Amino acid sequence: MMIEFPPGWIIIIGALLIPITQGLLRQAVLVALPVLALTLIWTLPDNALWQTSFLEYTLSPLDFSTVGKLFATIFSLMVLVGGIYAMRTASTLELSAAFLYAGSAIGVTSSGDLISVFIYWELMAIGSTAVIWAGATNSAYKASMRYLFMHLFGGVILMAGILWHIHETGSTEFTALELAGPAQWLILIGFLVNAGAPPFSAWIADAYPEASPSGSVFLSAFTTKTAVFTLLIAFPGTSVLIPIGCFMIFYGIIYALLENDARRILSYSIVNQVGFMITGIGIGTEMALNGAAAHAFAHIVYKALLLMTAGAVLYRTGKRRCSDLGGLFHSMPITTLYGIIGALAISSFPFTSGFVSKSMISSSAAYEHITWVWFLLAAASAGVFLHAGVKYPWFVFFQKDSGLRPDESPKNMQFAMFIFAFLCIALGVFPQPLYDLLPYPVDYEPYTADHLVTQFQLLLFAGLAFFLLLPMMKRTETISLDFDWFYRKLGTKLVTGVGRKVYAVYAKQEQAFVNTLKSLVTHVYDTDKNKPKGSVARMWPIETMVFWVAILLCGYLIVYYI
């Protein structure tokens with residue numbers, strides 16, 4: 001009989017085993033534990049439930065929903081393939097932190113109460129910060145501290161919302177919530193911070209590219225998609241999410257088009273793609289929610305593939321700026337091929353995974369007659385093809401010949417990329433296995449003449465626009481100002497300026513206090529040998545001393561007899 005055990009704990013145990021293993025034994029841990037977690041996820045009975053008491057409340061660390069199993073499956077698959085990709089290059093700290101990070105994300109998907117969700121949420125923040133820190137550079141350390149600050153900020157908001165909600169309702173159940181008051185709004189904001197919603201979107205492009213080549217792959221999968229999962233459970237059909245998601249879509253496109261750093265392009269693209277999912281959650285119909293869940297699954301696969309190719313390039317060349325790259329298809333043809341497959345999938349090219357998931361969100365907007373959303377999603381599909389479908393592979397692998405002739409990526413990296421490239425195509429050609437995992441019955445056919453013609457037209461004209469405007473698309477050393485300027489630059493100056501003012505006032509008051517104290521001491525203890533001036537230093541007449549002794553004696557007698 002299968003033990004009913006939270007699958008995420010298996011991965012967290014791996015985080016403890018990795019530091020005490022090495023060589024083949026460590027590689028076995030990296031592969032076996034995710035496989036074991038996957039097996040457990042799909043052999044647990046549908047009514048599996050594990051509850052425990054905490055204070056006056058009941059916690060449910062194991063209470064899988066259908067959508068929870070979907071996310072737990074792709075998270076486990078991600079840590080498996082990510083472990084294969086990283087096994088020969090990542091440090092012990094990075095691998096251990098990545099397993100803690102992934103196990104906590106799986107823990108969120110299996111939680112049935114808000115307290116368990118919050119505990120795993122904070123463990124994710126610790127694990128992901130350590131993954132960035134493992135980049136072992138000064139910029140990685142600074143980025144990890146900013147990242148940690150942002151997620152602690154979001155965690156405090158989420159904790160306040162959860163405690164307020166529990167106080168109001170007396171329930172810890174992790175289920176659909178109505179935006180009935182400040183408590184639910186705080187919970188929503190806490191989830192949106194991790195999703196990279198405005199105005200806190202810049203942390204993704206600020207932190208993810210500073211991790212190691214394999215660290216960025218892990219980071220791309222869990223935090224934002226765990227936020228998508230929580231929004232699917234707690235706030236389906238919340239209309240305010242539609243404009244938030246649309247803003248994220250175009251924010252990611254614009255900043256990715258302006259960017260020169262290959263990994264920052266892909267990081268901004270994460271914001272863009274999560275925007276599609278949040279828009280679908282806001283629409284809230286069964287098709288839209290299915291589309292958001294399916295797109296999260298597909299996105300983890302093709303985004304990890306793209307970052308694997310970027311990581312392989314960085315690992316072999318030490319370069320990540322588009323202006324320093326080009327012509328790599330000569331010596332890295334396999335990595336180039338996988339990069340193209342990932343670029344086509346993120347662009348929703350027919351017969352790739354992105355097409356069969358993203359089109360469900362667009363179609364749901366059309367079926368609900370939300371015309372402005374449908375037009376924005378159509379325009380955004382062209383924008384995605386511009387920045388990720390064409391710009392990334394063109395500038396990294398083709399364009400000018402940079403003269404770089406690095407070796408092909410290591411075999412373990414190639415194998416990991418092959419798995420996800422295969423899934424990008426397999427899910428695009430045969431989407432039914434993915435559709436069978438979705439939370440609602442799927443009555444949708446992606447391959448209709450209308451869908452195919454529309455998508456091919458968008459991609460054709462977007463690609464034509466890219467090459468016609470190619471002189472304008474060439475990247476140079478630029479800095480794109482983002483909201484993070486307020487806390488990295490303006491915030492620093494404000495804190496420094498205010499700190500100086502406060503210190504000046506403090507120093508002035510301190511000096512005044514010291515001067516007063518000196519005057520008092522001088523008044524009492526001045527012992528000038530020629531003529532003592534202090535009230536204690538002066539010689540007092542005998543009768544005065546007798547007077548004070550008498551007063552003290554009277555006081556003692558009064559206290560004693562009372």
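A: Look for a polar contact: a pair of N or O atoms within 3.5 Å, where within protein one must be able to donate a hydrogen and the other to accept it, and residues adjacent in sequence count only if both atoms are side-chain atoms. Here Asp-113 caps the N-terminal end of H5, with a side-chain oxygen 3.1 Å from the backbone nitrogen of Ile-115. Helices are DSSP runs of H or I, at least four residues, numbered from the N terminus. This is a predicted model: local features need pLDDT of at least 70, side-chain atom pairs count only at pLDDT 80 or more, and totals for chains, interfaces and linings use all residues. Residues are numbered from 1 along each chain as its sequence is written, and side-chain values use heavy atoms, with hydrogens and water left out.

Q: How many residues of H5 are buried?

A: Buried means under 20% relative accessible area, exposed over 50%, partly exposed in between (1.4 Å probe, protein chains only). In H5, 16 of the 20 residues are buried, so the helix is largely enclosed by the rest of the structure. Across the chain, 55% of the 562 residues count as buried.

Q: Is Leu-468 buried or exposed?

A: Leu-468 is exposed, because its relative accessible area is 62%. Leu-468 sits in helix H19, residues 449-468.

Q: How many helices does the chain have?

A: The chain has 22 helices.

Technical notes:
Helix = DSSP H or I, 4+ residues; strand = E, 2+ residues; numbered from the N terminus.
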